[in-house]
Amino acid sequence: VIPGWFSEISPMWPGEAHSLKVEKILFQGKSDYQDVMVFQSSTYGKVLVLDGVIQLTERDECAYQEMITHLPLCSIPNPKKVLVIGGGDGGVLREVARHSSVEQIDICEIDKMVVDISKQFFPEVAIGFEDPRVTLHIGDGVAFLKAVPEGTYDAVIVDSSDPIGPAQELFEKPFFESVSKALRPGGVVCTQAESIWLHMHIIEDIVVNCRQIFKGSVNYAWTTVPTYPSGVIGFMLCSTEGPPVDFKHPVNPIDAKDSNKSKGPLKFYNSEIHTAAFCLPSFARKVIDAK
Ligand code: AAT
């Protein structure tokens with residue numbers, strides 16, 4: 001550990017640790033679920049850390065939040081009801097709210113401290129909570145989904161932390177089964193699905209489970225986020241049986257209409273990067289397509 005620097009050390013990426021220079025620690029606390037820290041970095045703006053793992057930085061949060069949201073929502077016509085699991089910072093809500101067809105946005109975040117801290121330190125991210133279509137539920141996403149009536153949502157976005165700690169069950173088969181039930185026929189799910197450089201074994205398990213559960217299509221996409229481990233992060237995108245969804249060819253482009261000016265323009269996502277996100281390196285394609 002280098003004095004004055006934050007290093008992201010975890011058994012999920014043994015032998016490596018990305019570091020950021022710390023200007024000032026702005027908050028340190030312990031919620032019922034995890035350690036929460038906010039610091040001012042020298043080059044990535046403010047940083048939110050949970051249990052020692054970077055959740056977002058002001059500089060590159062756009063890449064993750066825009067991709068995890070618009071990959072699913074631009075792949076179906078007229079999404080109306082959307083559920084977000086995790087995502088207590090509000091960034092995914094901000095992105096969902098750009099879609100004018102959306103009528104209802106539910107979010108279930110386990111940790112109220114994440115919501116409060118985001119409102120205090122990351123107003124441009126937490127702005128997502130200000131949309132009148134949003135209803136916040138504080139609780140475990142697993143339990144919340146079990147109680148959702150069948151066929152409720154057009155899209156479910158699982159913006160979850162890594163599978164060590166409170167998010168562990170969000171990577172397991174019973175959870176994907178509840179997601180599938182909560183979706184309408186031809187509905188879509190997009191889940192945070194780790195890094196092709198570090199976690200092919202986790203990705204492989206998710207793909208196996210999803211192929212059994214989602215009878216529409218099952219796809220893996222990825223993008224660059226410099227402050228996430230290995231600098232990339234992936235997404236599992238699946239649809240339920242029903243009207244077919246071709247994730248690689250978005251039918252509901254957002255580029256031009258871009259909607260809500262108060263949120264500023266999209267910084268990262270566009271239709272070209274949407275399609276490109278599904279191109280996999282050969283070593284990953286071999287594992288993902290073979291399943
Ligand atoms: N948008 C920022 C990126 C995140 S946030 C992940 C959120 O998931 C956290 O706020 C955490 O409190 C919440 N969470 C964890 N477990 C649950 C659960 N069981 N139910 C509901 N919410 C939960 C993800 C960063 C990815 C980091 C990659 N290394």
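Start by selecting Ser10, in the loop that runs between β1 (5-7) and β2 (19-30). The model on screen is a predicted one. Ser10 has a relative accessible area of 12%, so it counts as buried. Show its side chain and look for Met12: the side chain of Ser10 reaches the backbone nitrogen of Met12 at 2.9 Å.

Next, select Val245, which sits in the loop between β12 (232-239) and α8 (271-276). Val245 is buried too, at 11% relative accessibility. Leaving aside residues up to four places away in sequence, Val245 touches Ser75, Ile76, Gly186, Val188, Ser217 and Ser239. Pick Gly186 from that list.

Now turn to the charged residues. Side chains of opposite charge can pair when their charged atoms come close. The structure holds eight salt bridges.

Select Glu58 and Lys46, whose closest N and O atoms are 3.7 Å apart in a salt bridge. Glu58 is in the loop between β5 (53-57) and α1 (61-73), while Lys46 is in strand β4 (residues 46-50), twelve residues away.

Move to Asp131, which forms a salt bridge with Arg133 at 2.8 Å, N to O. Asp131 is buried, at 10% relative accessibility.

Then select Asp154 and Arg184, paired in a salt bridge at 2.6 Å, N to O. Asp154 lies in strand β9 (residues 153-159) and Arg184 in strand β10 (residues 183-192), so the pair ties together parts 30 residues apart in sequence. Asp154 is buried, with a relative accessible area of 10%.

Finish with Glu61, Arg94, Glu95 and Arg98, which are linked in a network of salt bridges.

Conventions
Residues are numbered from 1 along each chain as its sequence is written. This is a predicted model: local features need pLDDT of at least 70, side-chain atom pairs count only at pLDDT 80 or more; totals for chains, interfaces and linings use all residues. Side-chain values use heavy atoms; hydrogens and water are left out. Helices (H or I, at least four residues) and strands (E, at least two) are DSSP runs, numbered from the N terminus. Buried means under 20% relative accessible area, exposed over 50%, partly exposed in between (1.4 Å probe, protein chains only). A polar contact is a pair of N or O atoms within 3.5 Å; within protein, one must be able to donate a hydrogen and the other to accept it, and residues adjacent in sequence count only if both atoms are side-chain atoms. Contact means heavy atoms within 4.5 Å. A salt bridge is a side-chain nitrogen of Lys or Arg within 4 Å of a carboxyl oxygen of Asp or Glu.
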